[in-house]
Amino acid sequence: MTALSLVSGAGSAATMCSLAIGNVVFGSYDVFSPTSLDTSATVIVTCSRYGGPQNINVTIAIGPGAHGGATASRKMRMPGGDLLAYNLFRDAGRTSVWGQVPGLDAFTQTLAVPNKSSAQLSVMIFGRIPAGQNVLKGTYSDNVVLTVMP
């Protein structure tokens, strides 16, 4: 199971954004299965605008996690030390790792926000634990920081 810790990015005075997400839950990993274990979760970003431009670029970045050191090599840890590799992706094919560099591996989309109102953006996070990992049975978890920037 992966838990995502959330941190809100700094917003401009005219536009403020917040996000909502639950845990990314993989379920039971079978060390003997020849297929990867996949899951997904939804991130909902709500932006409110009071003046300023109607169209804003919303960027969602996800940090490397507590145990992997880099976004390309995220790992969950079981109490006692065993590590289980996993990753989070921007696409359903799980080819584009979700990172924290705008314009490179973070997610960015333009959102039209009416003045003195709000608009929502719904984005999927796709997770994968690769098959073939020889790990002990137990509960694995990680925390990553998810940042939203208008």
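Visitor: How many of the 150 residues of the protein count as buried?

Guide: In this predicted model, 38% of the 150 residues count as buried, a label that applies when the relative accessible area is under 20%.

Visitor: What makes up the fold, going from the N terminus on?

Guide: The protein has zero helices and 10 strands, and its elements run β-β-β-β-β-β-β-β-β-β from the N terminus. The C-alpha trace spans about 55 × 30 × 25 Å along its principal axes. Of the contacts with a separation of 6 or more, 75% are accounted for by residues 24 or more positions apart.

Visitor: Which strands form the open sheet, and in what order?

Guide: Four strands form it, in the order β2-β3-β9-β7, and the pairing is antiparallel. From one strand to the next, the twist averages 30°.

Visitor: Why are β2 and β7 called edge strands?

Guide: Strands β2 (15-20) and β7 (87-89) each pair on one side only, and they are the edge strands.

Visitor: How do you know that β2 and β3 pair?

Guide: Two strands pair if there are at least two bridges between them; β2 and strand β3 (residues 37-49) have six bridges, in the antiparallel sense, and they therefore count as paired. Within this pair, cysteine 17 stands opposite cysteine 47 in β3, and leucine 19 stands opposite valine 45 in β3.

Visitor: Why is threonine 15 called buried?

Guide: Threonine 15, whose place is in strand β2, has a relative accessibility of 3%; the label requires a value under 20%, so threonine 15 counts as buried. Not counting residues up to four places away in sequence, threonine 15 touches Cys47, Ser48, Arg49, Ile56 and Pro150.

Visitor: What is the phi of arginine 94, and why is arginine 94 called buried?

Guide: Arginine 94 has a positive phi of about 60° although it is not a glycine. Most residues other than glycine have a negative phi. Arginine 94 lies in the loop between β7 and β8 (107-112), and its relative accessible area of 14% is under the 20% limit, so arginine 94 is buried.

Visitor: Is lysine 116 buried or exposed, and where is its place?

Guide: The place of lysine 116 is in the loop between β8 and β9 (117-129). Its relative accessibility is 66%, and exposed means over 50%, so lysine 116 counts as exposed. Phi of lysine 116 is near 60°, a positive value in a residue other than glycine.

Visitor: What can be said of the accessible surface and of the positive and negative side chains?

Guide: The accessible surface of the protein comes to about 7500 Å², and 54% of that belongs to carbon and sulfur atoms. There are 9 positive and 6 negative side chains, and the centres of the two sets lie 10 Å apart.

Terms used. Residues are numbered from 1 along each chain as its sequence is written. This is a predicted model: local features need pLDDT of at least 70, side-chain atom pairs count only at pLDDT 80 or more; totals for chains, interfaces and linings use all residues. Side-chain values use heavy atoms; hydrogens and water are left out. Helices (H or I, at least four residues) and strands (E, at least two) are DSSP runs, numbered from the N terminus. Buried means under 20% relative accessible area, exposed over 50%, partly exposed in between (1.4 Å probe, protein chains only). Contact means heavy atoms within 4.5 Å. Accessible areas come from the Shrake-Rupley method with a 1.4 Å probe; for residues, only the protein chains shown count as cover. Lys and Arg count as positive and Asp and Glu as negative; His and the chain ends are not counted. The place of a charge is taken as NZ of Lys, CZ of Arg, CG of Asp or CD of Glu. Axes are lines fitted to C-alpha atoms, for helices over the stretch in contact, and angles run from 0 to 180 degrees between N-to-C directions.
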